[in-house]
Amino acid sequence: PSQETDTFPNLMSVMEYYGCTLDYGVILERDAGYFVQQPYYLLPKLETHTITQPLTEENFYVFLPLCQGIVVSEDLRETESVDTLMWTSDKSIAKGEGLSSLKDVTTVDFEDGDRIGPFCLAVDILDNPDTEQECRIVWFASKYVMEEAASQRVAGGNQDVFINGMNWIVNNDLNITIQSKHLSNEYLTIPEAVKTPLTIVFSVLMPLLFLAAGIVVWIKRRKL
């Protein structure tokens, strides 16, 4: 990601008013259970919330590529509450200041200036609830959250969480659910922690098993 604070100054000003800022440094996930293919293709932990509950109940993922963390102020106004919806693991790191672009990142190892997670990747904001001035905001740390290709990587999970967020904003909890899907080609989402054992099983162990079975059959036939 680029430094969004420079790209969208008006958005950053509004979010700062509500106690949220965008941290510097691209996030790299080092727990294989929370990324897919590349350490900057994140599969975050989902907190229990009205927006995310349908996904956690159905074991859906959300795919957030190229993120910078969201920092929530500890000094919020009395009328306001901010809930974290998604986290990285505690093994994730954010690269040092000035390293907000992937072209600047040369290693996933911890270096001076890096910070250790977990990092917040999505929040909801509720201000002045149950009044005429009520304000609701949902903010995701990745600008790619609603790209079709990203949502397809997780069987439409991004689409679901985004629509659920919009329903929460308009206070329409009845429509917060897993949306019906069109029949189309979809990706099978396998975290890196699962992919490696599966690769060993299917590319090494199973061929060896079939080879051993073939040798046993051949030996038995020779004895006949």
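A nonpolar core here is a set of buried Ala, Val, Leu, Ile, Met, Phe, Trp, Tyr and Cys residues joined through side-chain atoms within 4.5 Å, where buried means under 20% relative accessible area with a 1.4 Å probe, protein chains only. This is a predicted model, with local features needing pLDDT of at least 70, side-chain atom pairs counting only at pLDDT 80 or more, and totals for chains, interfaces and linings using all residues. Residues are numbered from 1 along each chain as its sequence is written, and side-chain values use heavy atoms, leaving out hydrogens and water.

**View 1. The largest nonpolar core has 34 residues.** Cys20, Ile70, Met86, Leu121, Val123, Ile125 and Trp139 touch the most other members. Two or more residues each come from helix H2 (9-17), strands S1 (20-22), S8 (80-87), S11 (120-127) and S12 (135-140), and helix H5 (157-169); helices (H or I, at least four residues) and strands (E, at least two) are DSSP runs, numbered from the N terminus. S11 gives the largest share, six residues.

**View 2. Here's Trp139 and its contacts.** Contact means heavy atoms within 4.5 Å. Leaving aside neighbours within four places in sequence, Trp139 meets residues including Leu11, Met15, Cys20, Ile70 and Leu121.

**View 3. Next up is helix H5, with 13 residues.** From first C-alpha to last, H5 reaches 18 Å, close to the 18 Å expected at 1.5 Å a residue, counting one less than its number of residues. Its buried residues, among them Val161 and Trp168, pack against helix H3 (53-57), S8, S11, S12 and H4. Just after H5, Asn171 takes a positive phi of about 60°.

**View 4. Ser151 sits in helix H4 (residues 148-152).** Ser151 counts as buried because its relative accessible area is 8%.

Conventions. Buried means under 20% relative accessible area, exposed over 50%, partly exposed in between (1.4 Å probe, protein chains only).
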